[in-house]
Amino acid sequence: MSQITRLTPDCPPDAHKVMREPENKLNALLAVKVEDSELERYGATDLCEVLALMSSAPNIICSDKCQAAIQEQATAAEIKPNFVKIIASEGCLIYPDGAQSSMLKFYDFAGDYQNFKDFLTYLNEQCLISVDTLSMLVLRSISTVYPWDKLLAGDFVRQYLKAMAALTAEDRLLLTDIRYGRASSEIKQSKPEAYQFLRLERKLFLQYPSED
């Protein structure tokens with residue numbers, strides 16, 4: 001197995017609750033959209049290790065083939081994945097015990113960063129939003145900031161959009177390889193645009209961890 005980077009957050013998950021109550025309600029659920037090509041390139045073991053960075057109970061959108069592979073490796077990766085079932089423009093979660101959530105409006109945003117221009121607006125809605133594995137940690141962190149500081153979350157959205165706009169297809173593949181431990185993260189000089197995205201991701205991931 002490759003060496004997946006396991007960063008330790010600088011702040012505890014409830015750090016933002018110490019001073020005051022949340023100002024905004026977070027109703028949306030994020031679901032990671034995993035393509036079969038990612039499973040084939042990196043393998044189920046490393047894929048599950050990466051999904052564990054998102055959550056101990058990640059919501060996942062994938063093919064039946066990918067779902068079976070994830071379920072096989074889930075225990076070893078210490079995750080309890082929920083799989084998303086999509087019907088038209090709605091979706092629901094299928095939990096590990098087979099129970100099913102209520103149907104929610106589904107926004108398939110993964111794969112086009114420009115869909116997240118109004119990300120904060122959707123966070124207030126009871127819905128499911130798909131995110132790709134490249135952007136999942138940045139967007140999860142922004143959703144963690146949103147209830148406590150909408151202005152700061154909005155600034156992070158703008159930083160994310162700017163960083164994504166600068167990436168080439170080669171940069172995206174490099175960043176994904178770094179995520180899976182296939183490439184070095186020492187890219188500040190050689191790949192400055194990719195480095196800016198990596199810097200933003202790690203800044204947010206370390207300062208604004210999820211609550212699970």
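**Note on the predicted single-chain model**

1. Of the 212 residues of the protein chain, 48% count as buried, where buried stands for a relative accessible area under 20%, exposed for one over 50%, and partly exposed for what lies in between, with a 1.4 Å probe and protein chains only. This is a predicted model, in which local features need pLDDT of at least 70 and side-chain atom pairs count only at pLDDT 80 or more, while totals for chains, interfaces and linings use all residues. Residues are numbered from 1 along each chain as its sequence is written, and side-chain values use heavy atoms, with hydrogens and water left out.

2. The secondary structure of the chain comes to eight helices and six strands, taken as DSSP runs numbered from the N terminus (helices: H or I, at least four residues; strands: E, at least two). Read from the N terminus, the order of the elements is β-α-α-β-α-β-β-β-α-β-α-α-α-α. Among the contacts with a separation of 6 or more, 63% come from residues 24 or more positions apart, a contact being heavy atoms within 4.5 Å. The chain exposes about 10800 Å², of which carbon and sulfur atoms supply 48%; the area follows the Shrake-Rupley method with a 1.4 Å probe, and for residues only the protein chains shown count as cover.

3. The six strands form a closed barrel that runs β1-β2-β3-β4-β5-β6 with mixed pairing, where two strands pair if DSSP finds at least two bridges between them. Neighbouring strands of this sheet are turned by 40° against each other on average, direction ignored, with axes fitted as lines to C-alpha atoms (for helices over the stretch in contact) and angles running from 0 to 180 degrees between N-to-C directions.

4. Strand β6 (residues 127–132) pairs in the parallel sense with β5 (residues 104–107) over three bridges, and Tyr 107 stands opposite Ile 129 of β6. Strand β1 (residues 29–33) also pairs with β6 in the parallel sense, over five bridges, and here Val 32 has Val 131 as its bridge partner. Strand β6 is largely enclosed by the rest of the structure, because six of its six residues are buried. Cover is found on both faces, with Cys 127, Ile 129 and Val 131 buried on one side and Leu 128, Ser 130 and Asp 132 buried on the other.

5. Helix α8 (residues 192–207) has 16 residues and reaches 22 Å from its first C-alpha to its last, close to the 22 Å expected, the expected span being 1.5 Å times one less than the number of residues. Its buried residues include Ala 194, Tyr 195, Phe 197 and Leu 198, and also Glu 201. The cover over the buried residues of α8 includes α2, α5 (136–145), α6 (150–165) and α7 (169–179).

6. Within helix α8 lies Tyr 195, whose C-alpha atom is separated by 9.2 Å from that of Ala 163, 32 residues apart along the chain. Leaving aside neighbours within four places in sequence, Tyr 195 is in contact with Ile 187 and Lys 188.

7. Ser 55 belongs to the loop between α2 (44–54) and β2 (59–61), and counts as buried because its relative accessibility is 12%. The side chain of Ser 55 reaches the backbone nitrogen of Ala 57 at 2.9 Å.

Notes
A polar contact is a pair of N or O atoms within 3.5 Å; within protein, one must be able to donate a hydrogen and the other to accept it, and residues adjacent in sequence count only if both atoms are side-chain atoms.
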